[in-house]
Amino acid sequence: MPSLPGDGTREAALRWLAYLRVADVPRVRALFTHHPRYADLTPVQYAEGLEWLRRTGLVTASDHPVVDVGEQVPPDSAVVPQVLWNAADDERRRAIGTAGERCLLALLRQEGLMAVEHVSAVSDAFGYDIGALTSADGRIHLEVKATTDPTRLVVHLTRHECEVMSADPWWIMGAVLVSKRGDALNVATVSRSWLRTAVPHDRSPRGRWESARLVVPPQALKSGLITADGKRVLSGGSFATPEVWGMPGLGAPVVRPRAAARLRPTASATGGGKALPT
């Protein structure tokens with residue numbers, strides 16, 4: 001195993017391991033670059049810390065920490081602490097994100113929308129997950145955020161998704177509360193105007209934000225899927241859930257999806273930042 005680096009690089013490695021439990025490399029790098037709490041180390045030290053973790057095998061090829069709860073850290077890496085990450089939890093988060101997308105695919109098709117396409121299964125370059133025609137001259141480009149937590153809604157928005165939102169009049173964000181079986185318990189639309197006010201702003205030409213974690217307030221939510229011009233996409237009866245995400249009576253007018261929309265534990269994520277821990 002390569003020799004231990006300097007103190008600053010080791011401290012940077014510790015921070016990478018702590019934050020890679022819940023976010024990917026671009027998000028963590030943005031945190032280290034912009035937050036004053038982490039300004040005591042240089043960008044070079046952070047880059048060297050991550051590279052050292054990769055060389056020593058303390059992160060996987062996809063940059064997840066490999067040290068699980070209860071495992072012993074290799075002797076030559078005694079400065080590296082145990083971290084709270086395991087493959088099962090990571091796979092579960094990915095499966096929740098995929099289940100949310102499949103739920104909405106099924107609901108849109110049951111509603112009779114035409115040309116329903118799961119575009120994020122092809123590429124993340126679109127900046128949304130599902131495209132569909134709502135009428136002869138209307139469409140939706142749906143970015144899906146899924147969670148199993150009914151108490152609050154936390155979403156992660158990438159810079160690319162934000163840029164597509166700003167330029168695409170058909171873009172909307174749909175939030176899905178997914179049950180343990182993988183059904184859509186509730187569906188809500190997140191206000192575009194609120195998203196625009198909530199995203200960060202670049203403070204320097206030398207750096208830019210790449211991803212933002214947003215806690216959505218109840219007033220920024222509308223029950224069901226609502227297009228930019230105020231039209232309701234989904235019909236049907238509300239579910240019985242009395243309160244979701246702090247908004248009383250947010251029973252979404254949706255139809256229970258078929259079995260194809262159920263949660264599959266082995267599914268892989270097709271979109272970015274779909275269900276990170278909150």
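This is a predicted model: local features need pLDDT of at least 70, side-chain atom pairs count only at pLDDT 80 or more; totals for chains, interfaces and linings use all residues.
**A walk through the salt bridges**

Asp183 counts as buried, with a relative accessibility of 3%.

Let's step back to the whole protein for a moment. Six helices and 10 strands make up its secondary structure elements. The protein has 278 residues, and 47% of them count as buried. Among contacts with a separation of 6 or more, 65% come from residues 24 or more positions apart. The exposed surface comes to about 13,600 Å², with carbon and sulfur atoms supplying 54% of it.

Back to the charged side chains. Searching the whole structure turns up 11 salt bridges. One of them pairs Asp40 with Arg15, where the closest N and O atoms are 2.9 Å apart. Asp40 sits in the loop between helix H2 (25-34) and helix H3 (43-56), while Arg15 belongs to helix H1 (residues 7-19), so this pair ties together parts that are 25 residues apart in sequence. Arg15 counts as buried because its relative accessibility is 13%, under the 20% cut-off. Glu11 joins in too: Glu11, Arg15 and Asp40 are linked in a network of salt bridges.

For another setting, turn to Glu210 and Arg208. These two form a salt bridge whose closest N and O atoms lie 3.0 Å apart.

Key:
Residues are numbered from 1 along each chain as its sequence is written. Side-chain values use heavy atoms; hydrogens and water are left out. Helices (H or I, at least four residues) and strands (E, at least two) are DSSP runs, numbered from the N terminus. Buried means under 20% relative accessible area, exposed over 50%, partly exposed in between (1.4 Å probe, protein chains only). Contact means heavy atoms within 4.5 Å. Accessible areas come from the Shrake-Rupley method with a 1.4 Å probe; for residues, only the protein chains shown count as cover. A salt bridge is a side-chain nitrogen of Lys or Arg within 4 Å of a carboxyl oxygen of Asp or Glu.
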